[in-house]
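Please look at the sequence and the structure shown here, and then read the report that follows, which goes through a few parts of the fold one at a time.

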Amino acid sequence: MFSPFDTNPTQVTGLIVFVAAALSCGWAVRRTSGRTAVLWRWLAVVQCLFLAEIVFGLRHQVHGGVDAVLQQLGWYANRRPLQVALLVLSFAGLGFAAMPVLRVFAGSPSARLAAIASLAALALFGLEAISLHQIDSELYRPVGPVMLIAWLWLALGAVVVRAASRTR
């Protein structure tokens with residue numbers, strides 16, 4: 001969970017990225033009309049949900065709750081197969097969900113690009129929630145002043161901002 005008294009440069013980066021992406025999508029709504037404006041409105045909502053996730057850290061709370069249950073049941077030490085299965089199911093589900101989403105966004109190449117970047121950001125949040133050690137060790141590796149995950153958020157947010165800025 002985000003705390004203004006315990007600032008974490010990685011979280012602050014995520015906050016800035018998703019605020020910028022949400023605002024950019026909002027501006028794209030104002031520059032478009034009809035169906036395209038609706039698509040950008042949905043993308044703005046998604047970016048706000050990502051922002052809320054950074055603030056409240058639900059993915060970490062869910063992970064902690066699942067870990068507690070697994071420890072109570074005595075399954076915690078053998079959780080890796082479950083995590084791998086969840087990763088496979090999550091990515092399969094994301095792949096199936098991506099097809100209709102991308103079809104809906106087919107009429108606007110810029111919005112479609114922003115939707116792809118948003119799906120990738122969703123996948124990153126999913127990876128964090130499942131929390132397989134080998135993946136976590138990479139995502140949470142310091143790269144300069146922030147962890148790698150922040151650089152990935154920054155790259156995906158930049159794609160959304162750029163796509164929104166190209167919308168007419």
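## The loop between H5 and H6

Serine 131 has its place in the loop between H5 and H6, in a model that is predicted. The phi angle of serine 131 is near 60 degrees, which is a positive value in a residue other than glycine. Serine 131 counts as buried because its relative accessible area, 13%, falls under 20%.

Leucine 132 is also placed in the loop between H5 and helix H6, which covers residues 133-139. With a relative accessible area of 8%, leucine 132 is buried. Which residues does leucine 132 contact, once its neighbours within four places in sequence are left aside? They are Arg80, Gln83, Val84 and Leu87. Leucine 132 and arginine 79 are 53 residues apart along the chain, and their C-alpha atoms are separated by 9.2 Å.

Glutamine 83, one of the residues in contact with leucine 132, lies in helix H4, which runs over residues 80-104. Its relative accessible area is 9%, so glutamine 83 is buried. If residues up to four places away in sequence are not counted, glutamine 83 touches Ile130, Ser131 and Leu132, and of these, serine 131 and leucine 132 have already been placed in the loop between H5 and H6.

## Leucine 127 in helix H5

Leucine 127 lies in helix H5, and it is buried, with a relative accessible area of 13%. Not counting residues up to four places away in sequence, leucine 127 touches Leu87, Phe91, Ile135, Asp136 and Leu139.

## The largest nonpolar core

The largest nonpolar core holds 36 residues, and the members that touch the most other members are Phe18, Trp40, Leu43, Leu124 and Trp153. Which elements give two or more residues to this core? They are helix H1 (9-31), helix H2 (34-56), helix H5 (109-130) and helix H7 (148-165). Of these, H5 gives the most, with 9 residues.

Phenylalanine 18, one of the core residues that touch the most other members, is in contact with Gln47, Phe50, Leu51, Ile54, Ala121, Phe125 and Trp153, when its neighbours within four places in sequence are left aside.

## How H1 packs against H2

The axes of H1 and H2 come within 8 Å and cross at roughly 165 degrees. Is H1 roughly parallel or roughly antiparallel to H2? Because angles over 145 degrees count as roughly antiparallel, H1 is roughly antiparallel to H2. The crossing in which H1 passes H2 is left-handed.

On the H1 side of this contact, the residues include Leu15, Phe18 and Cys25, and on the H2 side they include Trp40, Leu43 and Cys48. Leucine 15 lies in helix H1 and counts as buried, at 15% relative accessibility. Leucine 15 and leucine 148 are 133 residues apart along the chain, and their C-alpha atoms are separated by 15 Å.

A disulfide is a covalent bond between the sulfur atoms of two cysteines. How many disulfides does the count come to in this model? The count comes to 0 disulfides. Cysteine 25 is in no disulfide, and the nearest cysteine sulfur, that of cysteine 48, is 8.7 Å away. Likewise, cysteine 48 is in no disulfide, its nearest cysteine sulfur being that of cysteine 25. These sulfur atoms do not count as a pair because a disulfide needs them to be within 2.5 Å.

Are the two cysteines buried or partly exposed? Cysteine 25 is buried, with a relative accessible area of 0%, whereas cysteine 48, at 41% relative accessibility, counts as partly exposed.

## How H3 packs against H5

Helix H3, made of residues 58-73, packs with H5 at an angle of about 30 degrees, and the axes of the two helices are 8 Å apart. Because an angle under 35 degrees counts as roughly parallel, H3 is roughly parallel to H5. H3 passes H5 in a right-handed crossing. Arg59, His60 and His63 of H3 make this contact with Phe125, Glu128, Ala129 and Ile130 of H5.

Terms used
Residues are numbered from 1 along each chain as its sequence is written. This is a predicted model: local features need pLDDT of at least 70, side-chain atom pairs count only at pLDDT 80 or more; totals for chains, interfaces and linings use all residues. Side-chain values use heavy atoms; hydrogens and water are left out. A nonpolar core is a set of buried Ala, Val, Leu, Ile, Met, Phe, Trp, Tyr and Cys residues joined through side-chain atoms within 4.5 Å. Buried means under 20% relative accessible area, exposed over 50%, partly exposed in between (1.4 Å probe, protein chains only). Helices (H or I, at least four residues) and strands (E, at least two) are DSSP runs, numbered from the N terminus. Contact means heavy atoms within 4.5 Å. Axes are lines fitted to C-alpha atoms, for helices over the stretch in contact, and angles run from 0 to 180 degrees between N-to-C directions. Angles under 35 degrees count as roughly parallel, over 145 as roughly antiparallel, 65 to 115 as roughly perpendicular and the rest as oblique. A crossing is left-handed if the near helix is turned anticlockwise from the far one by less than a right angle, and right-handed if clockwise.
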